[in-house]
Amino acid sequence: MASSTHSTTLSLRLPSYAPPTSSYPSHPPLFKTPSLQFPPRSATPPKLTHRSTALRPLNATAAPEKIEKLGTEISNLTLEEARTLTVVEEKTEFDVVIEEVPSNARIAVIKSVRALTNLALKEAKELIEGLPKKFREGVSKEEADDAKKQLEEAGAKVSIA
């Protein structure tokens, strides 16, 4: 008996992937798109630090009720009300005061007083007697500084108030 071997070959054909075609010619890319590299994850989570946004009290003792009330009132002020708290009036008018005139500088100081005020000799002499006296009142800072400089150069001790 003749034996016949029958073998069947099955071949499966898978469809092959073809990139989409277009009517435009293909060009090589001009730049390479970078790939993102992430660090590997570790088994332990990273330590996170957080800064406190609240102020800690400087002292552990309780503040008196009066201070607590004052703090609450200040924190509830509007911006415009808070601005008025920090306004400091700048002094614009100054007085020049002759404190002392040594006897050896009297003549030079009298000359400076006359030059600064246009006073006669008698009035200038009376001004430097019985010190301290206001020499100029309600003048600007520049005028006060200038008068002080001239009188001190003449030998007088002067202050600005």
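Me: Helices are DSSP runs of H or I with at least four residues, and strands are runs of E with at least two, both numbered from the N terminus. What pattern does the chain follow, read along the sequence?

Reply: A note before we start: this is a predicted model. Read along the sequence, the pattern is α-α-β-α-α-β-α-β. That gives five helices and three strands.

Me: Next, the strands. In what order do the three strands of the open sheet stand?

Reply: Two strands count as a pair if DSSP finds at least two bridges between them. Here the order is β2-β1-β3, and the pairing is antiparallel. Check β1 and β2: four bridges join them.

Me: Which strands stand at the edges?

Reply: β2 and β3 (157-160) do. Each has a single partner strand, so one side of each has no neighbour in the sheet. Now look at the turn between strands. Ignoring direction, neighbouring strands of this sheet are turned by 20° against each other on average.

Me: Which strands does α3 lie across?

Reply: Helix α3 lies across β1 and β2. Its angle to β2 is about 25°.

Me: On to burial. What share of the residues in the chain is buried?

Reply: Buried means under 20% relative accessible area. By that cut-off, 14% of the 161 residues are buried. As for the surface, the chain exposes about 15,300 Å². Carbon and sulfur atoms supply 56% of that area.

Me: Which residues touch the most other members of the largest nonpolar core?

Reply: Start with the general idea. In soluble globular proteins, nonpolar side chains tend to be buried together. In this chain the largest nonpolar core has 20 residues. Val96, Ile98, Val109, Val113, Phe135 and Leu151 touch the most other members. Several elements contribute: β1 (94-100), α3 (106-117), α4 (121-127), β2 (133-139) and α5 (141-154) each supply at least two residues of this core.

Me: Let me take one of them. What does Leu151 touch, not counting residues up to four places away in sequence?

Reply: Its list includes Val96, Ile98, Val109, Val113 and Phe135. Leu116, Ala156 and Val158 are also on it, as is Ser112.

Me: Is Ser112 buried or exposed?

Reply: Compare its value with the cut-off. Ser112 has 13% relative accessibility, so it counts as buried. This serine lies in helix α3. Leave aside the neighbours within four places in sequence, and Ser112 contacts Gln150, Leu151 and Ala154.

Me: Here is another residue. In which helix is Ile110 found?

Reply: Ile110 is in α3. At 10% relative accessibility, Ile110 counts as buried. Beyond its neighbours within four places in sequence, its contacts are Leu121, Ala124, Lys125 and Ile128.

Me: Now charges. How many salt bridges does the count come to?

Reply: First the idea. Side chains of opposite charge can pair when their charged atoms come close. The cut-off is 4 Å, from a side-chain nitrogen of Lys or Arg to a carboxyl oxygen of Asp or Glu. The count here is six. One of the pairs is Lys134 and Asp95, whose closest N and O atoms are 3.4 Å apart. Lys134 is in strand β2 and Asp95 in strand β1, so this pair links distant parts of the chain, 39 residues apart. Asp95 is buried, at 17% relative accessible area. Lys134 is partly exposed, at 45%.

Me: Which residue forms a salt bridge with Arg106?

Reply: Glu129 does, with the closest N and O atoms 3.7 Å apart. Arg106 lies in helix α3 and Glu129 in the loop between α4 and β2, so the pair ties together parts 23 residues apart in sequence. Arg106 counts as partly exposed at 29% relative accessibility. Glu129 is partly exposed too, with 39% relative accessible area.

Me: What separates Glu152 and Lys148 in helix α5?

Reply: About one helical turn, because they are four residues apart in that helix. They form a salt bridge, with the closest N and O atoms 4.0 Å apart. Glu152 is partly exposed at 38% relative accessible area. Lys148 is partly exposed at 26%.

Note on methods:
Residues numbered from 1 in each chain as written. Predicted model: local features only at pLDDT ≥ 70, side-chain atom pairs only at ≥ 80, totals over all residues. Heavy atoms only, no water. Buried < 20%, exposed > 50% of the residue type's maximum accessible area, 1.4 Å probe, protein only. Areas by Shrake-Rupley, 256 points an atom, 1.4 Å probe, with all protein chains shown as cover. Core = buried A, V, L, I, M, F, W, Y, C linked by side-chain atoms within 4.5 Å. Contact = heavy atoms within 4.5 Å. Axes fitted to C-alpha atoms, helices over the stretch in contact; angles between N-to-C directions.
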